[in-house]
Amino acid sequence: MVALLVLPSTFAAGKEEKIKQTLNSAPISAVSDQTVGEQKEKVLPSPKVSEKIVFKMPTSGKVTTPFGYQTHQKILHDGIDIVNKEGTDVYAAAAGKVIKAEYDPDNGFTIVIEHNENWRTEYRHFANAKMPVIKGEMVKSGDLIGHMGSTGQATGPHLHFSILMDGEYIDPVSMLK
Ligand SMILES: [Zn+2]
């Protein structure tokens, strides 16, 4: 076993030596402001810091289906549907990391962006051509991430856009600026 010995006398002596050197070498003016100025306390990141994320509308178009239970469906519509022309640009609603960029039969070409540990956004039914981002990529707010399409279970070109807070789908409209 290796014993790590702290020798107080040696340590203190070393410190003293250092102080002496500083006093000898530093010009008087350099000592003034830096030592007097109060250090601001570090603000610890609060778990709700994510509430300050600004989510922007990820594309242009008409919101045809709102978030919530629709009269003709028994399942929750977990986002909003925004309708526009096939190929309309779709942008990241906020900065983050692309954690999913893949096809599935229901949602078509889908992208999920993780903004931090609390917040994610999902984008579904992208046109299959020219997917501009890949899994693992970092994106900034407003970066192009895809083009509106109708892949998966979709009756026409639209973007399905969802916002998740701590894994729960919430109404994106309540978060959009
Ligand atoms: Zn939808």
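Mentor: A residue counts as buried if 20 or more other C-beta atoms lie within 10 Å of its own C-beta, as exposed if 12 or fewer do, and as partly exposed in between. Lys100 has 14 other C-beta atoms within 10 Å, so Lys100 is partly exposed. Keep in mind that this is a predicted model.

Trainee: Where does Lys100 lie, then?

Mentor: Lys100 belongs to strand β6, residues 96–104. Leaving out residues up to four places away in sequence, Lys100 touches Thr110, Ile111, Val112 and Lys135. The C-alpha atoms of Lys100 and Glu122 are 9.0 Å apart, although 22 residues separate the two in sequence.

Trainee: How many helices and strands does the protein chain have?

Mentor: There are two helices and twelve strands. Both the order and the count can be read from the N terminus: α-α-β-β-β-β-β-β-β-β-β-β-β-β. As for the contacts, 62% of those between residues at least 6 apart in sequence join residues at least 24 apart.

Trainee: Which strands should I follow to see the pairing?

Mentor: Take β8, residues 119–126. On one side, β8 pairs with β7 (residues 108–114) in the antiparallel sense, through five bridges. A hairpin of four residues connects β7 to β8. Strand β11 (residues 158–165) also pairs with β8, again antiparallel, over six bridges.

Trainee: Which residue in β8 is the bridge partner of Glu114?

Mentor: That is Arg120. Arg120 also stands opposite Leu164 in β11.

Trainee: Why is β8 largely enclosed by the rest of the structure?

Mentor: Seven of its eight residues are buried, so the rest of the structure largely encloses the strand. For the chain as a whole, 23% of the 177 residues count as buried. Tyr123 is a case within β8: it has 27 C-beta neighbours inside 10 Å, and therefore counts as buried.

Trainee: Which residues is Tyr123 in contact with, leaving aside neighbours within four places in sequence?

Mentor: Pro58, Val90, Thr110, Ile111, Ile145, Gly146, Leu159 and Phe161. The C-alpha atom of Tyr123 is also 9.5 Å from that of Ala101, which is 22 residues away along the chain.

Trainee: Several of those are nonpolar. How do I read a nonpolar core?

Mentor: In soluble globular proteins, nonpolar side chains tend to be buried together. Here the largest nonpolar core has 18 residues, and those with the most contacts inside it are Val90, Ala92, Ile111, Tyr123, Ile145 and Leu159. Two or more residues each come from β4 (80–83), β7, β8 and β11. The biggest contribution is that of β7, with three residues. Ile111, one of the core residues with the most contacts, touches Val98, Lys100, Ala101, Tyr123, Phe126, Val133, Ile145 and Gly146 beyond four places in sequence.

Trainee: Is Asp166 buried or exposed?

Mentor: Asp166 has 11 C-beta neighbours inside 10 Å, so Asp166 counts as exposed. Asp166 sits in the loop between β11 and β12 (168–170). Met165, by comparison, is found in strand β11 and is partly exposed, with 13 other C-beta atoms within 10 Å.

Trainee: What is Met165 in contact with, leaving aside neighbours within four places in sequence?

Mentor: Asn118, Trp119 and Ile170. Met165 and Thr121 are 44 residues apart in sequence, and their C-alpha atoms are 9.0 Å apart in space.

Key:
Residues are numbered from 1 along each chain as its sequence is written. This is a predicted model: local features need pLDDT of at least 70, side-chain atom pairs count only at pLDDT 80 or more; totals for chains, interfaces and linings use all residues. Two strands pair if DSSP finds at least two bridges between them. Two residues are in contact if their C-beta atoms, placed from the backbone, lie within 7 Å. A nonpolar core is a set of buried Ala, Val, Leu, Ile, Met, Phe, Trp, Tyr and Cys residues joined through C-beta atoms within 7 Å.
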